[in-house]
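Visitor: Hi! Could you walk me through this one while I have it open?
Guide: Happy to, let's bring it up.

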Amino acid sequence: MVINDPVNESIHPDDAMYRVMKGHGNERGYIPSGRNNTLVFRELVGKIRPSLLTGKRLLDFGCGHGRMTRHMKTVFSLSHLVAADVLETGVEFCAREFGASPFSISKDNPISNCDSTFDLIIAVSVFTHLPRQLFESSMAGLSKILDKEGLLLFTANGEDFQRRHNERGHNVTLEGGFYFGNLTQRRKESKASVLPLDEYGQTCVSYDFVKALLERVDLKIVEFVPHGHVRSQDIYVATH
Ligand SMILES: C[S@@+](CC[C@H](N)C(=O)[O-])C[C@H]1O[C@@H](n2cnc3c(N)ncnc32)[C@H](O)[C@@H]1O
């Protein structure tokens, strides 16, 4: 499918995703990467539940400064787009620039307090960073606001992440299918996040851990794409 609609290419000065890509000499890849990643998720939705491709409500959970958010309205022909993050500046920017409704997440305002439900929830490179309690409570919250016929699509680090990091001499050992840690200093140096290290690090999970967690929160996996996101993160698609 070809989508030629022009996209708003504004970049927020605090955009960590942009900063990381720029650090790799790839700032020109920022806009195309957001678009290509969004198209990958569209293709999955089209394959699993094509009726969700037009006129639906989508939540971009962990929107950041809108690397993907800016493409979502046109790629999914949405009736409503909500951008949620713990990062106030990200949520505000996505609302101002890309016409999303803002939803700020905080300890006092978890996503389960959201009074809307969604046909589609997309969380890219978010569960790759959360400690166990937040990982589990966020998944439970998202389950509550996912429509009965809706799809939750998210990425997680799995076997590929574990192998690559262990080859580099790190000790990524999963306990009960879960690992959370801070593997490198690079995150601090690149200022990839302003969040405290105990709330935002590097997370790796087994398929069995995710499957069991999803079952506990009334969800089941309908599609699993090993290293389907950026050739590294696993993509999970779940429904009630
Ligand atoms: C690596 S960025 C990914 C941003 C965007 N999804 C993308 O792919 O460009 C991870 C995002 O998750 C957000 N985040 C961190 N903790 C979160 C939480 N508890 N709930 C929701 N989002 C969170 C961060 O603020 C950050 O914007």
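Visitor: Why is strand 1 described as largely enclosed by the rest of the structure?
Guide: Strand 1 (residues 57-61) is largely enclosed because five of its five residues are buried. Buried here means that 20 or more other C-beta atoms lie within 10 Å of a residue's own, while 12 or fewer makes it exposed and anything in between partly exposed, with C-beta atoms placed from the backbone. Strands (E, at least two residues) and helices (H or I, at least four) are DSSP runs, numbered from the N terminus.

Visitor: Before we go on, what kind of model is this?
Guide: This is a predicted model, where local features need pLDDT of at least 70 and side-chain atom pairs count only at pLDDT 80 or more, while totals for chains, interfaces and linings use all residues. Residues are numbered from 1 along each chain as its sequence is written.

Visitor: Back to strand 1: which residues sit on which side?
Guide: Arg57, Leu59 and Phe61 are on one side, Leu58 and Asp60 on the other, and all are buried, so both faces are covered.

Visitor: And how does strand 1 pair with strand 2?
Guide: In the parallel sense, over five bridges, with strand 2 spanning residues 80-85; pairing takes at least two DSSP bridges between the strands. Arg57 stands opposite His80 in strand 2.

Visitor: What does Leu58 touch?
Guide: Leaving aside residues up to four places away in sequence, its contacts include Met72, Phe76, Leu78, Leu81 and Phe118. A contact means C-beta atoms, placed from the backbone, within 7 Å. Leu58 is also among the residues with the most contacts inside the largest nonpolar core, which has 55 residues. Such a core is a set of buried Ala, Val, Leu, Ile, Met, Phe, Trp, Tyr and Cys residues joined through C-beta atoms within 7 Å.

Visitor: Which strand gives the most to that core?
Guide: Strand 5 (residues 146-156), with six residues.

Visitor: New topic: how many residues surround the ligand?
Guide: 21, and the closest are Gly62, Gly64, Arg67, Val124 and Ser125.

Visitor: What about Arg164, where is it?
Guide: Arg164 lies in helix 6 (residues 159-167). It counts as partly exposed because it has 13 C-beta neighbours inside 10 Å. From Arg164 to Asp198 is 34 residues in sequence and 23 Å in space, C-alpha to C-alpha.

Visitor: Last one: how many helices and strands does the protein have?
Guide: Eight helices and nine strands, and buried residues make up 37% of the 240 residues.

Conventions:
A residue is near a molecule or strand if its C-beta atom, placed from the backbone, lies within 6 Å of it. Two residues are in contact if their C-beta atoms, placed from the backbone, lie within 7 Å.
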